[in-house]
Amino acid sequence: MPLHIDPLHIDVVTLFPQMFAAISECGISGRAFARGQAELQLWNPRDFTTDNHRTADDRPYGGGPGMVMLAEPLAAALGAARARQQGVGVIAPHRVYLSPQGRTLDHALVMELAARPGLILLAGRYEGVDQRLLDEQIDEYISIGDYVLSGGELAAMVVIDAVVRQLPGVLGDADSAQQDSFVNGLLDYPHYTRPEVYRGVSVPAVLMGGNHALIQRWRLQQSLLLTRRYRPDLLARRSMSAAEISLLAECRQDDQPD
Ligand code: ADE
C-alpha cells in the first residue's frame with residue numbers, strides 16, 4: 001500500500017483568479033493538482049465587498065498615485081481561506097504577502113514553504129494594501145526579486161510552481177533526470193486608506209494633516225528607515241543626498257519605522 005501523503009493546501013487571495021489557470025491547468029504543477037498532491041483554492045476579495053460597486057480599493061490617505069486595497073474585503077477573504085484550511089485540518093496556515101519588501105525567494109525558502117501543511121498567499125497590487133491589514137494578518141512577506149510587477153499574482157505563481165515541484169512524488173524520474181531596480185533605490189513606505197481607524201489602529205497623524213511637504217518628508221524617512229532596517233545592502237550601493245542623510249540621522253540606528 002503506498003504511503004498516504006497529505007496534499008499541500010494552498011489558498012490565494014487575488015483580484016485576478018483567472019490568471020492562476022497558468023499553473024493549475026498546465027505542466028508539472030497542473031499534474032500535481034490533478035493528482036491531488038497539492039490543492040489550490042482561489043478567493044476574490046471583490047466577492048467579499050458589501051457595496052453595489054463591489055469596491056475593493058480606494059485612494060491613498062495623504063495623496064499620491066494609484067489605489068490602495070481596502071482592509072475589510074481582504075480580511076473577509078483571508079478569513080474564508082483560513083476557515084477552509086482549518087476545515088481540512090491545517091490549524092495555522094502560513095500567511096504570505098507577495099511584495100518587493102519581502103525576503104527574496106531562494107531554494108532554502110522554497111524548501112521551508114514546501115514543508116508546511118498549508119499556505120495562504122495574498123496577491124496585492126503594487127501601490128499597496130492597507131498597512132493595518134498586513135500588520136494584522138500576514139506572517140511573512142516574500143519577494144521574487146528586485147523589480148516591480150504590476151501585481152502579486154505572477155509572484156504567487158512563481159512561489160507555487162517552485163514549491164509544488166518539491167513535494168514528494170511530484171517530479172517523476174523522467175523530470176528529475178534533467179533536473180527596474182526600485183524607483184529610488186529604497187523600499188516602499190507604508191500605505192493607508194479608509195477607514196481612518198481600523199481595529200483600533202489609526203492612520204499616522206501626518207497623513208491626515210494635508211501638509212504635502214511634511215507627508216513627503218515622512219514617507220522618505222519611512223523608506224529610508226525600512227531600507228536601513230531590512231535591506232542595508234541597497235543603501236550601501238546607493239549615494240545619499242544631504243537631505244536623506246539628515247533624515248536618517250534624526251533616528252537612531254535601532255529606531256523602528258512607524
Ligand atoms: N509584487 C510586485 N512586485 C513583486 C515582486 N518583485 N515580488 C513579489 N511580489 C511583488
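Is Arg-199 buried or exposed? Arg-199 is exposed, with a relative accessible area of 55%, where exposed means over 50%, buried under 20% and partly exposed in between (1.4 Å probe, protein chains only).

The model is predicted, so local features need pLDDT of at least 70 and side-chain atom pairs count only at pLDDT 80 or more, while totals for chains, interfaces and linings use all residues. Residues are numbered from 1 along each chain as its sequence is written, and side-chain values use heavy atoms, with hydrogens and water left out.

**Backbone features**

Arg-199 has a positive phi of about 50° although it is not a glycine, and it is found in the loop between E8 and strand E9 (201-202). Strands (E, at least two residues) and helices (H or I, at least four) are DSSP runs numbered from the N terminus. Arg-54 also has a positive phi, near 55°. Arg-54 lies in the loop between strand E2 (38-43) and strand E3 (57-58) and is partly exposed, with a relative accessible area of 37%. The peptide bond from Arg-194 to Pro-195 is cis, with omega near 0°; Pro-195 is found in the loop between helix H7 (173-177) and strand E8 (197-198). Most residues other than glycine have a negative phi, and most peptide bonds are trans.

**The ligand and its shell**

| Backbone atom of | Ligand atom | Distance |
|---|---|---|
| Ser-99 | nitrogen | 3.2 Å |
| Ile-144 | nitrogen | 3.0 Å |
| Leu-149 | nitrogen | 3.0 Å |

Taken alone the ligand exposes 270 Å², and the protein buries 99% of that. Accessible areas come from the Shrake-Rupley method with a 1.4 Å probe; for residues, only the protein chains shown count as cover.

**A surface feature**

Leu-154 is placed in helix H6 (residues 153-164) and is partly exposed, with a relative accessible area of 47%.

Definitions and conventions. Polar contact = N/O pair within 3.5 Å; in protein donor to acceptor, adjacent residues only side chain to side chain.
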